[in-house]
Amino acid sequence: MMEKIDIHKLSNGMTILGVPMAQVQSVAFDFLLPAGAAVVPDGCCGAPAIIEDWIFRGAGGKTSRELTGLLDGLGLHRNSSIESKHITLSAATEAENLDKAIELYADVILKPSLDSEQFEFSKQLAISELAGLDDDPRHKTSILLREHFYPDPLGRSPEGNKEELEKLSAEKCKQIIADNFNVAQTIFAVAGKYDFQKLCRQLEKLFGSEKSKAEKAITPKKQTLGYHHHAHDGSQVHIGIMTPTVPAQSSDYYNARIAVAVLSGGMSSRLFTEVREKRGLCYAVGAKYSSLKEMAGISCYSGTTPDKAQETYDVIIAEMKKLGKDISEDEMKRAKIGLESGLIMQSESTMARAMAAATDFYMLGKVRSLDEIKQQIEKTSVKSVLEFLNKNPFEKFCTTTIGPTKIKPV
Amino acid sequence: MQFKHKKLNNGLNIIGEVNKDAQSAAVGFFVRTGARDETDQISGVSHYLEHMLFKGTEKLSALDVNLCFDNLGAQYNAFTSEENTVFYAVTLPGQLAEVTNLWCDLLRPSLRDDDFNMEKNVILEEIAMYKDLPQFDVMDRCRALHFDKHPCGKSVLGSEESIKALTSGQMREYFARRYAPNNITAVIAGNFDFEKICGCIEVGCGKWQPKQADRITEYFAGTSKKDSLKRNSLNRQHICLASPTVSYQDKRCYTAMLLAKIIGDDSGSRFFWELVDTAIAETAAMQCEAMDKIGAYYSYIQTSSENGEKVMEIVERIFKSLQKDKISDSELQTAKNKVLSAITIKNEVPMGRLVELGFNWVYLGKYQPIEDEIRRIKDVTIADLYALLEEFPLVPYTQFSLCPK
């Protein structure tokens with residue numbers, strides 16, 4: 001049976017996507033607002049972290065308490081995240097609450113109160129959260145690794161930096177909202193139980209009259225990679241390694257995904273076997289594919305005590321470098337099964353489906369069906385993956401460590 | 001949803017809830033054992049043993065085990081807490097029988113010395129990893145301070161010293177005592193054929209011999225002690241509070257869960273408005289941990305060291321003010337709505353349902369349909385909340401803080 005994907009454009013160009021799921025009672029939705037960490041002006045790093053809190057402090061004539069009371073009253077599970085290009089506002093709840101939830105989110109996006117007293121609280125929270133990152137070295141490693149790997153401004157930290165956060169004013173942030181909350185470039189995705197026609201009518205009424213604004217162009221600097229160490233008097237050395245690969249639009253995308261699965265799919269994959277099982281070097285080790293629209297990388301993480309850090313790093317690099325030399329048919333089969341069954345299991349969650357649809361549309365300009373993804377995975381072979389790896393070898397690395405000792409990078 | 005149950009002659013319970021519309025199926029083996037069933041000499045053995053189950057049997061090496069799971073496209077893992085060790089896998093429906101057979105084999109591991117010695121390194125690394133996560137470390141330390149000599153205060157991971165000193169002989173002895181079939185519940189959720197999976201478990205586990213596997217479940221209200229530790233590596237102050245509440249078996253555990261949401265949910269709660277909205281703390285949360293014949297509320301707050309004292313004044317005021325600044329109907333209704341929608345979302349995925357089903361059986365010895373759970377939450381009244389507060393006031397509490405030097 002072919003899976004149905006609903007797509008509609010509002011009169012101003014805003015994209016509406018839907019993934020109906022017959023067997024669920026819940027619904028999940030995401031708004032991808034084009035106001036991410038990379039698109040704010042220079043000197044304003046961290047503004048999206050303030051904004052995603054500030055816009056919920058009263059909207060549509062309702063005070064912060066009234067708005068929060070109404071959102072919580074719907075039993076909404078809310079989340080906000082900041083990516084390179086977007087502030088993503090996500091929520092999930094029981095299906096009958098969808099239209100009321102959308103109405104409140106329209107207020108938050110289009111009519112936030114942006115009260116200057118409330119701004120100071122949002123700003124202080126953003127500064128505190130940034131300070132708190134020091135007490136989570138693993139998470140901080142992943143943020144710093146992205147920052148060092150992707151050329152500025154693409155890899156900018158969603159948390160911002162202290163100096164720039166402290167300088168930000170309510171006026172400046174208001175201006176960033178006015179310039180970047182561009183409804184025509186916003187992607188809305190829903191998954192679960194909903195009535196698409198009714199939803200589109202409601203969204204047209206709420207968002208359709210918003211005028212389109214000029215799309216922002218970004219010119220990234222040159223990618224530099226290299227090794228960066230951040231001293232931290234903790235128990236472990238947290239090691240992040242990233243190497244360039246093809247982005248999601250590439251015809252080699254599925255070959256790259258298989259390569260990562262061979263490296264770090266299940267517990268029989270190469271990194272887990274070589275680093276943890278055979279050598280007992282760490283508890284956590286893994287690699288994942290991560291893509292922006294412009295460029296992509298494969299990132300690895302491991303945390304280990306200082307005396308084992310160099311060996312852990314050396315083994316990971318050796319495994320990455322030798323991946324292109326040989327992949328067995330059995331490894332290939334396992335990588336495919338792992339990706340395909342993971343895909344189906346993930347498809348049972350309304351939140352995962354809505355986010356996948358929104359991300360697909362942003363990256364590819366369309367939403368892939370589960371069947372299409374499955375067929376593309378099936379098309380890969382040992383030959384195609386090895387050819388891809390030989391064309392795009394893992395030989396340049398960006399490395400970030402946080403911990404009591406440094407490592408010697410390749 | 002259709003519930004099924006079968007008890008094998010050796011005492012192993014098999015329960016399942018069939019949902020023919022699901023795309024996947026989940027199987028889990030819930031062993032009723034954890035840190036509270038350990039002595040000081042073997043502290044951390046339950047969790048270490050959980051790792052060792054992946055090291056294989058007489059016929060399977062550690063790599064074989066991982067290959068078998070990955071060949072089936074399974075998502076699999078295990079976790080250990082103070083009172084449970086749970087092994088689980090999620091697969092497409094066609095692979096469930098094979099993955100169940102594999103778990104049945106693995107639950108009788110060979111516990112080889114060379115695997116034991118290699119895995120010791122991994123466990124020590126895991127202990128080091130959690131030391132770098134103060135938000136977890138402070139909870140562990142607060143729990144230990146709160147429960148003092150009571151078994152619920154024992155660390156799941158154990159200490160560097162206890163793990164280094166642990167022998168494979170001690171682990172084998174613990175395994176023989178605790179992994180008895182009468183101390184294990186097999187749980188299945190999602191799209192599967194109960195008779196078929198039951199058959200697999202009967203063949204795989206039916207010959208295991210039952211054994212006495214009791215647990216001491218003495219009640220203890222906690223110490224209400226205060227302690228703190230300074231560390232060079234820290235930038236923020238991490239505060240954990242604990243006070244007693246009802247157990248999992250107590251009918252009022254939903255009342256306790258709703259009370260914790262009203263006080264410490266991450267949005268719209270009393271903690272939220274007083275501490276987070278005002279930017280005094282970046283995190284302030286409260287949860288209810290209902291356990292076997294015992295229970296505790298835990299609060300966790302992350303703030304700057306300058307704000308530490310102010311935070312505690314506010315928390316103390318919130319705890320005490322519940323009597324005069326009464327809980328409103330809308331606060332209770334909001335908490336209910338949050339819990340109810342979370343139940344809907346969680347139960348739509350077989351893995352979410354598996355955990356709920358398993359713990360209900362382990363603690364209550366019975367099946368609780370989702371509708372019953374929903375009704376019990378809806379039935380909670382303001383009077384119930386106050387009756388609970390009367391019996392389990394939030395002050396005094398145990399407090400542990402990790403602070404920057």
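Two residues are in contact if their C-beta atoms, placed from the backbone, lie within 7 Å. Among contacts in chain B between residues at least 6 apart in sequence, 80% join residues at least 24 apart. The model described here is predicted.

Chain B holds 15 helices and eleven strands. Its radius of gyration is 22 Å, close to the 22 Å that the globule rule gives for 405 residues, so chain B is as compact as a globular protein of that length. Along the principal axes, the C-alpha atoms of chain B fill a box of roughly 60 × 50 × 35 Å. Of its 405 residues, 52% count as buried.

The two chains touch. In this interface, 56 residues of chain A are in contact with 51 residues of chain B. Several elements of chain A give two or more residues to its side. The helices are H2 (64-73), H4 (116-132), H10 (270-277) and H12 (329-346) of chain A. The strands are E4 (77-82), E5 (87-94) and E10 (296-304) of chain A. The largest share, eight residues, comes from H12(A). By residue class, the side of chain A that touches chain B divides into 14 nonpolar, 29 polar and 13 charged.

Within chain A, an open sheet of five strands has the order E7-E11-E8-E10-E9, with mixed pairing. Its edge strands are E7 (226-231) and E9 (285-291) of chain A, and each pairs on one side only. Neighbouring strands of the sheet are turned by 15° against each other on average, direction ignored. Strands of a sheet pair through backbone hydrogen bonds, either parallel or antiparallel. Strand E8 (residues 237-245) of chain A and strand E11 (residues 398-403) of chain A run antiparallel and are joined by five bridges. In E11(A), A:Thr399 stands opposite A:Ile241.

Two helices pack on this sheet. H10(A) touches E9 and E10 of chain A, and its direction makes about 150° with that of E9(A). Helix H11 (residues 306-322) of chain A touches E8, E10 and E11 of chain A. The direction of H11(A) makes about 15° with that of E8(A).

In chain A, the axes of helix H1 (residues 47-54) and helix H7 (residues 170-180) come within 10 Å and cross at roughly 85°. Angles of 65 to 115 degrees count as roughly perpendicular. H1(A) and H7(A) are therefore roughly perpendicular to each other. H1(A) brings A:Ala47, A:Ile50, A:Ile51 and A:Trp54 to the contact, where they meet A:Cys173, A:Ile176 and A:Ile177 in H7(A). The residues of this contact divide into seven nonpolar, no polar and no charged.

In chain B, the axes of helix H12 (residues 329-347) and helix H14 (residues 370-378) also come within 10 Å, and they cross at roughly 170°. Angles over 145 degrees count as roughly antiparallel. H12(B) and H14(B) are therefore roughly antiparallel to each other. From H12(B), the contact is made by B:Lys336, B:Val339, B:Leu340, B:Ile343 and B:Asn347. H14(B) gives B:Ile370, B:Glu373, B:Ile374, B:Ile377 and B:Lys378. Here the residues divide into six nonpolar, one polar and three charged.

Most residues other than glycine have a negative phi, and most peptide bonds are trans. The peptide bond from A:Asp152 to A:Pro153 is cis, with omega near 10°. A:Pro153 lies in the loop between helix H5 (137-149) and helix H6 (162-167) of chain A. In chain B, a cis peptide bond joins B:Val395 and B:Pro396, with omega about 5°. B:Pro396 is found in the loop between helix H15 (382-391) and strand E11 (398-404) of chain B.

Positive phi values occur at A:Leu114 and at B:Lys293. Phi of A:Leu114 is near 50°. This residue sits in the loop between helix H3 (98-110) and H4 of chain A. A residue is buried if 20 or more other C-beta atoms lie within 10 Å of its own. A:Leu114 has 20 such atoms within 10 Å, so it is buried. Phi of B:Lys293 is about 60°. B:Lys293 is found in the loop between strand E9 (281-291) and strand E10 (294-303) of chain B. With 18 C-beta neighbours inside 10 Å, B:Lys293 counts as partly exposed.

Methods: Residues numbered from 1 in each chain as written. Chains lettered and ligands numbered in written order. Predicted model: local features only at pLDDT ≥ 70, side-chain atom pairs only at ≥ 80, totals over all residues. Helix = DSSP H or I, 4+ residues; strand = E, 2+ residues; numbered from the N terminus. Nonpolar A, V, L, I, M, F, W, Y, C, P; charged D, E, K, R; others polar. Rg over C-alpha atoms; globule rule 2.2 N^0.38 Å. Buried ≥ 20, exposed ≤ 12 C-beta atoms within 10 Å, placed from the backbone. Axes fitted to C-alpha atoms, helices over the stretch in contact; angles between N-to-C directions. Parallel < 35°, antiparallel > 145°, perpendicular 65-115°, else oblique. Pairing = 2+ DSSP bridges.
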